[in-house]
Structures are given as C-alpha cells and as structure tokens.
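Q: Could we go through some side-chain details of this structure? Please begin with the terms.

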Amino acid sequence: MKPERIIFMGTPIFACPTLKMLIDRGENVIAVITQPDRPKGRGQQMQAPPVKELALQYNIPVLQPLKVRVPEVIEEIRGLNPDLIIVAAFGQILPKALLDIPSKGCINVHASLLPRYRGAAPINWCIINGEEETGITTMMMDVGLDTGDMLIKRFTKILPEDDASSLHDRLSLLGAETMAETLDLLEKDALKPEKQDDSLTCYAPMLKKETGIIDWSLNAAGIANLIRGVTPWPGAQTMIDDKVLKVWKAHTGSGKGSPGRILQAGKLGIEVACGEGSLIIEELQLEGKKRLTARDFLAGYHIAEGIKLGGEKVEA
C-alpha cells in the first residue's frame, strides 16, 4: 500500500535528489525536517541548508529543531501522523521514540555498501582506503548507527579520477534512484529486509582537518588515495618553507628518496619521495594564494634544491 503521509529528513546537497524524486513522483511530503541555519563563510552570514531551500521552492513546511530527540519535537512529529519517514544525510541520530512513530517505519539512504563503512563519512573513507567500488544501501532504521536491516543495494565503480566530490555527486543521484526502487517495492509489500553481518563492518568516522595532513612516510598510492578522499574538504596538506601547501591533484610515480624530499620540479609536476615510490603533484595551492597547476606555481615560486615537505600545522 502506498504511504499516504511522508516526512523527509535531510540536510546537505547529497539529500536533495532524493527529496526531488519524492516531489516528482507526486508523493505526499507533509513536512521536511532539517538542521538549523548556520553561519558560513568569512562574513558568517546565516545560510539555510540545501534541503530547506529545495523544500521551500515547493511550499513544503520545514521544521529545523536543534535536536530531534527532545520530547517536544518528538510530540510535534507524532502530531503530523506520518506513515513513513525517509532519511538522507540528516545529521542527527534518531531516538527510538521517533523511529516508532510512522506505521511503515523509517527508511534511510546510506552512501556505502552496508555493513561496510557505517558512520558519517563513508564516501571519503572508501576512497582513502583504496576501495574499487561502493554504492548505496537503503535500510530500515533502528537505534544503532547504520545497523538496521538492509533493503536494496546498488553498486558503482570508484574511478581512478574520482575524488570525494565527484563520487558524492554520483552517489547522491544513485541514492534517489535506489530510494525510488525501495518505495516501489514498499507499495507492493515486496521488500525483503536483510540483517547486517556485524563481523563485516568497518567505521567511517567524521573527517577532521587533521585527517588531510600528508604523512610522506606512507606509500605513494596511499597518499594519492588520501588526497582524492579529502578533496574538497578538509583538503590534503603539507608544509613548505613554514607555509601550508594544499595538494589538490596528484598521481603516483616511481622515484625514490627520503620521504618528503622533492626529487624534481618541472612543467609536468612536482615529484616528492614517499615511503614507497613517489607522488607527482599536479595542482596545488600555497597558503593565502590561488589554486594553480604545478607549472604555473613554479613560474612564481622557487623551490630550493633538496627541499623537504612536511609538518603538522593545520590550515584554519
């Protein structure tokens, strides 16, 4: 039976294709619940979450509780009498009292192939860890962190040129498609929930700015994966001449030397020795400057012979 009343919970741009899919299908989205507006940018101007902006375009009521687990918010949601709650990157853990409200439960769109990569940053960590494929899992939510019964999985390859941004965009669209399939089966009462095997799980914690600090003693392939996995945020970074150097794009090489030592610098890139192999930096950005190709960077910045990269300073 088709759910008559749906509440959508989501916050960032990742969730927007799923909400738009519900709107385009003509589903009865009675409310959108999203995070509060936050100050952003240098001017710290208040900015609405992307999901809120989309909901308002279609005159869908928006709720922005600071915490959904407080009793008054739970009662407000209960008063809306939803048949189904759909969740995509909402950003808060839902308490049992809320999960129990809709008669058809709460279904989440998760950006990994569960039970692998439970947690806040699955897109980033599957790239950092060198995975070759990932995907979307829809799941019935329970009180655990991404531990509920799986409904549908859809796979996608992680391309060599993918970074977290490009993979995010592809998975956000796949998430909407997978949720549409899930709803089709729900309406036919044909979903077959599958329990997760906890022994196969791994955790994808929230990224910190420190996550992007390059450890040149690691092998070149691992560093290249880190750069892809933390682009665009928090960004991969190292130090040069006591300044933060952000590395946007790089590929592996076969050079050898002391880890962090610049082996050569020319129009094809800046080659840096790693614990195993070397990394050839293609695009980079010096603290306070614009993002440049290695060739343009070298046109205005002299790299002394034998200079070594590294350090722990984190760009604010």
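A: Buried means under 20% relative accessible area, exposed means over 50%, and partly exposed lies in between (1.4 Å probe, protein chains only). This is a predicted model: local features need pLDDT of at least 70, side-chain atom pairs count only at pLDDT 80 or more, and totals for chains, interfaces and linings use all residues. Residues are numbered from 1 along each chain as its sequence is written, and side-chain values use heavy atoms, with hydrogens and water left out.

Q: Is T231 buried or exposed?

A: T231 counts as buried because its relative accessibility is 4%.

Q: Which residues does T231 touch?

A: Leaving aside residues up to four places away in sequence, T231 touches D163, A164, S165 and W248; contact means heavy atoms within 4.5 Å.

Q: Turning to charges, how many salt bridges does a search of the whole structure find?

A: The search finds 13 salt bridges, each being a side-chain nitrogen of Lys or Arg within 4 Å of a carboxyl oxygen of Asp or Glu.

Q: What are the closest N and O atoms of E75 and R78 apart?

A: They are 3.2 Å apart, in a salt bridge. E75 counts as partly exposed at 45% relative accessibility, and R78 is partly exposed with a relative accessible area of 39%.

Q: And what of D149 and K195?

A: Their side chains meet in a salt bridge at 3.5 Å, N to O. The pair links distant parts of the chain, 46 residues apart. D149 counts as partly exposed at 23% relative accessibility, whereas K195 counts as exposed at 65%.

Terms used: Helices (H or I, at least four residues) and strands (E, at least two) are DSSP runs, numbered from the N terminus.
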